[in-house]
Amino acid sequence: SFPSKAVAANPVSDLSSPLDLGNCSLSLSAAPLPYLHASTAFVCVSRSPVSQPYSQGAMNLSGPHPSYSQQYGAPPPMQQVTNQMSGMQIGSGPPTSVGPGYAHHPSSQPPISAAYSSAAPPSYTQAPPPLSAAPSQPPLPVNLQPPSLTMVAPSPQQQPFPSAHHLSQPFVSSSPYLGPPSQPQAPPVSQQQSFPPGPPAQQPFPNSAPPPVTQASYSGPPPLTQHSFPPSSQSGPFPPISISPSQYPGPQPQSQPGPPPFHSGPSPRGPIPPPSMSQQQANHLPPGPMQQQQPPQPGMQGGYPTQQNGAFGQPRGPQPGYAGPQYPVQQNYGAGPAPAPAPPAQKRLDPDSIPSPCVCKTRFLVLPQIQVIEDDRVNKSSEPFTTGVKGQAPPLVTTNFQVKDQGNASPRFIRCTAYNMPCTADMAKQSQVPLAAVIKPLAMLPPDETPPYIVDHGDGGPIRCNRCKAYMCPYMQFIEGGRRFQCGFCSCVTEVPPHYFQHLDHTGKRVDCYDRPELSQGSYEFVATVDYCKNNKLPQPPSFIFFIDVSYNAVKSGMVNIVCQELKTLLDYLPRENPEADSVVRVGFVTYNKVLHFYNVKSSLAQPQMMVVSDVSDMFLPLLDGFLVGVNDSRMVIESLLDQIPEMFADTRETETVFGPVIQAGLEALKAADCAGKLFVFHSTLPIAEAPGKLKNREDKKLVGTDKEKSLFQPQSGFYSNLSKECVAQGCCVDLFLFPNQYVDVATLGVVPVSTGGSVYKYTYFQAETDRERFLNDLRRDVQKPMGFDAVMRVRTSTGIRATDFFGSFFMSNTTDVELAGLDCDKTVTVEFRHDDKLSEDTGALMQCAVLYTSCSGQRRLRVHNMAVNCCSQLADLYRNCETDTIINFFSKYAYRSILNTPTKTVRDTMVNQCAQILACYRKNCASPSSAGQLILPECMKLLPVYLNCVLKSDVLQPGADISLDDRAYLRQLLSCMDVSESHIFFYPRLLPLVKLDGGSLPMAVRNSEERLSKGGVYLLETGLHLFLWVGANAQQELLSNIFGTPTFSQIDPNMTSLPELDNPFSQRLREIIDSFRSQRSRYMKLMVVKQEDKAELIFKHFLCEDKSTSGGASYVDFLCHMHKEIRQLLS
Ligand SMILES: [Zn+2]
């Protein structure tokens, strides 16, 4: 036992070691890199290669005339394409029939895919390679003949469960990356012939349009169209997820014509609290330890077994893997501090209702994750959350609530780990509670909330503090009758410009306070003047450039066809601020394999023109005029191009790709157009072709778990880091869509997207039939979503703290400015604060996040978010006002970054230690006396252990044998820009029993444990990236009929990716729920049906995060005991 009132001044020495995970930083070198070839950027013909890149001599790709202008008529097969490169005019002819390499995509009937019925137990991260899938590389290198499709052997390179799959071994060595055959790489004879020296000085921009080609030449719709794609007419049935202008970014009318927007905000208001819960609330029964008996959980009746362990403190059956007796029988948990006045946020609560420590006679360790979420939902969803009260923790991310901006930024924009910051660095160090904010500057708001207003201060630009340059905000104090104002951040006094002068009322407030968003709101935007623009020049509208890999695998998987078909309609939904006007975003198109094909799609052309750049060693842009165009101007030419691309490359045998030159080409194009923009790169393989940024296969699973594991997460070379820096300087954001069949080195390929504010999407073993929906939804959202370009974010703080560390997808060239080539509505930046002085309880702490960016219409703007939090000198106050979900968001980002430099096990141990210190500090200083055998957790951190355990055993930090290095790198990057809501569900998925779906409410979630699953039930599991529908082997026939249209378990097709549209309320409601879940996430969640005891159940069980994991992750119960032990050790 120990003194109950240990105070802050008496820190425990062993609590004070700071978290030190090594020196983590972005892997971008600080040295400036000159542009590679500024002087040659626009020389497009007759340029001698700087060097001879193809040293093997076999491939004459880099002749003196690397670029050709070529008009083409009918889509030529590959041989013709290579002929084009030699300058031949290809006349029109019959379209090439789609080669055998093209899979047909009969979308009308779900294919009996090999996905989960093949012998291999599937990996939960991706579907396993179907037996029919193409190998990622046909065995070209070994055979000088062009490979024929009959040579294609199934080559499941990434075998989730190697021991179980007899097919995996024979093909591993056939990987072109691994064996020596690929090293000298004698190219096929046909390729040698393909690139003779080009004709000298060929006219690259023919003035006359090419002979019109009759429509008949192209009239056969591409194969996919017949089956699955909507007609390409503008007003076609493409389901637009249109951005509602009323949500973004200006103060526009709420009424929204047109289709419903996708929104990242919460779904429609949550379920009405069931009477029993309301009653509980009315009685002020606190959530937590006082509840010895749990009211029956709503939704849990009706043929389902009662939740034996769901209730807090209820007797609990034996746990698998938990022996029980070693834990103390008497436990106390979840209790708040003894002298706990109600926090201001909960005025409605009777102070008497605040829980005090109590001793539960029952077995401990049943901390009700679900109950905490449910209580918050019941208590906080009924009234709007107003931001006017400083230091008030918002409702949980799982609660649907409305926000009213009254002077602080909405929690949709900023969430903090602590809303009551410790006054001193010592106190912060003692508690070990991280001080951080998770900021989502361009977050979309739900339709019933007002987006930030746009403020124009005229030619002088926004009013700012003279010294610290903070922007005008509610924390500026006007003095001297309104002639000057004192800065809330640095206390400096600044003159008010005459045009901004206003009188003060008797309270010292400006009389126009409530007419001006910058004086009364937490979030708003300023129109930026030319002073805020690069080179003091107003920006051009941004451009989007699409780079489509047309190598063998990309074509074979159906990706090329799908992308081209989709773009025809998607281009009508480019982002715009005025829904009435056309988007001003210009577009450009490039296809590539080991060479790049640029397309002239100028409106005056009858047909697009292709220009091939085969000298990829020194990338340049072969055309200026006609490359970036307005969609409406060039619609016919673009559509023609998109029709032709799939057919042109249908028979390609080129398996190699480049990647570095692709990014360079996009960068050069944006430079030439003097604009910012986004590159959409659709890429399939490891770029092994000779070119800058060429990569080698370095996948080595033997390194996992060793000290060298960290190298797997670092990029292979500095090339892409340097390239990123150039991209950021230009405002060139890169989004990467990967379609790999084997290792592609996501850790390296992702460097540019991650450094430029872009995104990486990954569709392993992409199959058109089963993955098209997910890919297309992701692509649609990605193209349409509101975003800013060429952005710089700065976080200012009041004296005493400062922002010291940043996490997310961005680049930093100094210690304060977060540079984002692109910033979209889904991206968050997590900022850590540290003390540099004492804070005052009187003034609290202020932060102001200002993001300067170019809107999608080309306007330069400043978005400002302000946040004030309280400061405290008592630890108990700190522990009363923390937000665990945000703390976990911070910890996980910290840990995921740390593995770049620190062994994974060390990272895990350090996290456990820090959390133990947090909880020990609470126990020592805030909790009332009790026996050391009791586990006492602060009320707002009750869930810290369960969530921490989920982070520790996540695939990135503790991988199972079935997860690939690419997947881990991918997840690591993905998490780095997740908001709190996404990281919450990523680590603790939502498991819903599908009972009583009538009415508008959701069934109450159950804990993520196998023992919660009833054989007689059906459950929906949402992870943020996947949706699973688990069907119990004895599920009631009526339930099955309602959902699947068949009463028989065995007749349910586990390969379905969407539910049949049945005409019954249950089916309708379930599909509604699935749709609403999908609409809340930034990534489309594919639905997987998992039948109990099918092999696919392994995947599903991986997400039951309270159970022991196959990779050795502890069960929640075991972990809680471990934490308890750690805490006791710290206290003893
Ligand atoms: Zn200032």
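The following questions and answers go through a predicted model, from its confidence to single residues.

Student: What is the mean pLDDT of the chain, and where is the pLDDT below 50?
Tutor: The share of residues that reach 70 or more is 67%. Where pLDDT is low, the predicted coordinates should not be read in detail.

Student: How many disulfides does the structure hold?
Tutor: Take Cys950, whose closest cysteine sulfur is in Cys1105, at 3.5 Å. A disulfide needs the two sulfur atoms within 2.5 Å, so the pair Cys950 and Cys1105 is too far for a bond. The count for the structure is zero.

Student: Is Cys950 buried or exposed, and which is Cys825?
Tutor: The cut-off for buried is under 20% relative accessible area. Cys950 has 4% relative accessibility and so falls on the buried side. Cys825, at 0%, also counts as buried. The answer for Cys950 is buried, and for Cys825 it is buried.

Student: Which backbone nitrogens does the side chain of Thr1023 reach?
Tutor: Thr1023 sits in the loop between β26 (1018-1022) and β27 (1026-1031). Its relative accessibility is 3%, so Thr1023 counts as buried. With neighbours within four places set aside, the contacts of Thr1023 are Ile985, Phe986, Pro989, Phe1028 and Phe1103. The nitrogens reached are those of Leu1025, at 3.1 Å, and His1026, at 2.8 Å.

Student: Where is Phe659 placed, and what separates its C-alpha atom from that of Gly693?
Tutor: At 1% relative accessibility, Phe659 is under the 20% cut-off and so counts as buried. Phe659 is in the loop between α11 (635-648) and α12 (660-673). Gly693 is 34 residues away along the chain, and the C-alpha separation is 6.6 Å.

Student: What are the edge strands of the open sheet of four strands?
Tutor: The strand order is β4-β6-β22-β20, with antiparallel pairing. An edge strand pairs on one side only, and the two that do are β4 (414-416) and β20 (801-807). Neighbouring strands are turned against each other by an average of 25°, direction ignored.

Student: Which residue in β6 is the bridge partner of Ile414?
Tutor: β4 pairs with β6 (residues 436-439) in the antiparallel sense, over three bridges. The partner of Ile414 in β6 is Ile439.

Student: Which helix lies across β4, β6, β20 and β22, and at about what angle to β20 does it run?
Tutor: These four strands make up the open sheet of order β4-β6-β22-β20. The helix that lies across them covers residues 884-898. The helix is α18, and its angle to β20 is about 60°.

Technical notes:
Residues numbered from 1 in each chain as written. Predicted model: local features only at pLDDT ≥ 70, side-chain atom pairs only at ≥ 80, totals over all residues. Heavy atoms only, no water. Buried < 20%, exposed > 50% of the residue type's maximum accessible area, 1.4 Å probe, protein only. Polar contact = N/O pair within 3.5 Å; in protein donor to acceptor, adjacent residues only side chain to side chain. Contact = heavy atoms within 4.5 Å. Pairing = 2+ DSSP bridges. Axes fitted to C-alpha atoms, helices over the stretch in contact; angles between N-to-C directions. pLDDT = per-residue confidence, 0-100.
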